[in-house]
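Please keep both in view while reading.

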Amino acid sequence: MKPEISEDFLIEDDDAGLRLDAFLSARLGEPRGEVAQWCASGWVSVAGQPAAKSRKVRAGETVNVRVPERFDPMAVKVETVQDLKILGEDPDFVVIDKPVGVAAHPSPGWVGPTVVGALAGAGYRISTSGSPERQGIVHRLDVGTSGVMVVAQTERGYTALKRAFKERTPTKVYHAVVQGLPEPLKGTIDAPIGRHPNHSWKFAVLEDGRNAVTHYEVLEAFGAASLVEVHLETGRTHQIRVHFSAMKHPCAGDQTYGADPRLSAELGLVRQWLHAHKLGFPHPVTGEYVEFVSDYPEDLRHALELLRDGAH
């Protein structure tokens, strides 16, 4: 976190005639473009009046700068996340039940809570290699996806778990409610995924995308939607959401990938019905297989009950 800039500058004879943005850039060691933005935001004043970046400063004037504290998007914010539960812990790892609305780690553009910050707030001391903002992260769940996730606590745990996920040895089981009824009822979606050509925040099935394989089985059918169990063979960003959307069966509530907004409203969904239900992996030290299960959170459980009751 960069500190707030709060300072007054008296213009000396040697500086008279300089543009305001050039003068402050030299004095503060800040990029001229950023200083120009401060002026545009009204954070720079002369004689008590907001000053334009192109204003020429005069000897004897006082330039006042009050720039608010600036947020570093990669800084880890230590905080308590009430809904984050611990499903299991070991000297080498901790398994959590990640709630919706929590990112795995800090990233540009994200200002909400993170798993890294929540674990620090809960007293966990993660000691692994890699950048500080990604300490212990060996795999990720989307912000809008809830469920079970493992975080390494030690370097040996980090190394072993990273290798396991790279080699695709963990068992990753998701449950999703998708619109309509997929045919066949049990099958495999093998379709490459890449970044959407027209929308940088989305992904799509693309001929030149990265290999992506999703296995699924319908568990319950409700007419308007179906509960499916999904086993991931690969772990591409938004893989389940993209694959089912490409089949014309988007996850209920997932309006980014084509879900019906009316059904979303009827089910009370404000995010995709997608949950990381089960995670199993070899213990990073003993090699013994361990497995953890996460129950559905309240919003997903409520939507499922409405479907079972036929109230949609």
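The model is predicted, so local features are reported at pLDDT of at least 70 and side-chain atom pairs at pLDDT 80 or more, while totals for chains, interfaces and linings use all residues. Residues are numbered from 1 along each chain as its sequence is written, and side-chain values use heavy atoms, with hydrogens and water left out.

**The N-terminal sheet and its helices**

Helices (H or I, at least four residues) and strands (E, at least two) are DSSP runs, numbered from the N terminus. Two strands count as paired if DSSP finds at least two bridges between them. An open sheet is formed by 4 strands in the order β1-β4-β2-β3, with antiparallel pairing. Because β1 (5-10) and β3 (49-50) each have a single partner strand, they stand at the edges, and one side of each is left without a neighbour in the sheet. Strand β2 (residues 44-46) pairs with β3 in the antiparallel sense over 2 bridges, and S45 stands opposite P50 in β3.

Helix α1 (residues 20-28) lies across β1, β2 and β4 (62-67), and runs at about 115 degrees to β1. Such angles run from 0 to 180 degrees between N-to-C directions, the axes being lines fitted to C-alpha atoms, for helices over the stretch in contact.

Burial is stated by relative accessible area: buried is under 20%, exposed is over 50%, and partly exposed lies in between (1.4 Å probe, protein chains only). In helix α2 (residues 32-40), the residues V35, A36, W38 and C39 are buried. Seen down the axis of α2, these buried residues fall within an arc of 155 degrees, so they line one face of the helix; the arc is taken from the directions from the helix axis to the C-beta atoms. The exposed residues Q37 and A40 are carried on the face turned away from that buried side. The cover over the buried residues of α2 includes β1, α1, β2 and β4, where contact means heavy atoms within 4.5 Å. Just after α2, G42 takes a positive phi of about 80 degrees.

**The annotated site**

An unreviewed UniProt entry gives the annotation "active site" for D142; UniProt annotations may be inferred rather than shown by experiment. D142 lies in the loop between α3 (115-121) and β7 (146-152). At 23% relative accessibility, D142 counts as partly exposed. Leaving aside neighbours within four places in sequence, D142 is in contact with K98, V102, H238 and R241.

The unreviewed entry also assigns "domain: Pseudouridine synthase RsuA/RluA-like" to residues 92-246. Over residues 92-246 the chain is 17% helix and 32% strand, and the end C-alpha atoms are 39 Å apart.

**H175 and strand β8**

H175 lies in strand β8 (residues 171-179), of which 8 of the 9 residues are buried. H175 is itself buried, with a relative accessible area of 6%. The side chains of H175 and E229 are joined by a polar contact of 2.9 Å, that is, a pair of N or O atoms within 3.5 Å; within protein, one must be able to donate a hydrogen and the other to accept it, and residues adjacent in sequence count only if both atoms are side-chain atoms. Not counting residues up to four places away in sequence, H175 touches several others, including L219, W273 and Y296.

| β14 (residues 274-282) | 6 bridges | K278 |
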